[in-house]
Amino acid sequence: MSRTAKRSKKKTNQTTKFSRRQSRRSCRAKLLKPPCSRITRPRFKQGSSSRTTLPGATHCFTEHTYVGAETNGSMNSLPAQDTSSLSMYTYGIVNRGEHPALVQIQISPNARDYAVDSQEVIAGGQTKALVPLRFLRYTRLVIQSVEPDQPTRLDVYFQAQRMP
């Protein structure tokens, strides 16, 4: 076999091996891809703009909404959120009523024993964003009327994102 024939045979074998390796890597990469490899917000029109999936976006967005939560003289807690795997999270509270409401962020290591992390009074018609100051695995919001005989209605939005 001539020297040129050996070289061309060697090149074709290398190309085949390289292309096989590359396809294995791409298959492996697909299997190991995290479940949150794209934005998970819904795509719908809001006025003239719309939300779109960004190419290469690698974070997950989560939202829980509690619309029309009624306050009274006693403390009412909203469902606890497992915040152990979240990078950033915020509670957005809109007071839809006329009377003020007391809002507490509580944290817990086990979803049974809660400690007050922070608290705010939200006046009627006001919107506030609350972020916990400390970290434990579970976080919840507790709402109550400032005056027992003056109930109000709150819209609560828990929004979070996880970065890889």
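Predicted model: local features only at pLDDT ≥ 70, side-chain atom pairs only at ≥ 80, totals over all residues.
View 1. We start with Thr139, which has its place in strand 10, residues 138-145. Thr139 counts as buried because its relative accessibility is 0%, and the cut-off for buried is under 20%. Its side chain makes a polar contact with the side chain of Thr83, at 3.2 Å. Setting aside neighbours within four places in sequence, Thr139 is in contact with residues including Thr83, Pro79, Ala80, Gln81 and Pro132.

**View 2. The largest nonpolar core.** This core has 18 residues, and those that touch the most other members are Tyr91, Ile93, Val103, Leu141, Leu154 and Val156. At least two core residues come from each of strand 3 (60-70), strand 6 (88-95), strand 7 (101-108), strand 10 and strand 11 (153-162). Strand 11 gives the most, with 4 residues. As general background, nonpolar side chains tend to be buried together in soluble globular proteins.

**View 3. Strand 11 and its partners.** Strand 11 pairs with strand 3 in the antiparallel sense, over 9 bridges. Here Cys60 has Arg162 in strand 11 as its bridge partner. Strand 6 also pairs with strand 11 in the antiparallel sense, over 8 bridges. For Met88, the bridge partner in strand 11 is Gln161.

View 4. The structure holds 2 aromatic pairs. One of them joins Tyr89 and Phe158 in a tilted arrangement, 6.1 Å centre to centre with 40° between the planes. This pair links distant parts of the chain, with Tyr89 in strand 6 and Phe158 in strand 11, 69 residues apart. Tyr89 and Phe158 are both buried. The rings of Tyr91 and Phe158 have centres 5.0 Å apart and planes at 55°, so this pair is tilted too. Because Tyr91 lies in strand 6 and Phe158 in strand 11, the pair ties together parts that are 67 residues apart in sequence. Tyr91 is buried, as is Phe158. Together, the ring pairs link Tyr89, Tyr91 and Phe158 into a cluster.

**View 5. A charge over a ring.** Our last stop pairs an arginine with a tyrosine: the charged end of Arg140 sits over the ring of Tyr114, 3.7 Å from the ring centre.

Methods
Residues numbered from 1 in each chain as written. Heavy atoms only, no water. Buried < 20%, exposed > 50% of the residue type's maximum accessible area, 1.4 Å probe, protein only. Polar contact = N/O pair within 3.5 Å; in protein donor to acceptor, adjacent residues only side chain to side chain. Contact = heavy atoms within 4.5 Å. Core = buried A, V, L, I, M, F, W, Y, C linked by side-chain atoms within 4.5 Å. Pairing = 2+ DSSP bridges. Phe/Tyr/Trp six-rings, centres within 6.5 Å; stacked < 30°, edge-to-face > 60°. Lys NZ or Arg CZ within 6 Å of the ring centre and 35° of its normal.
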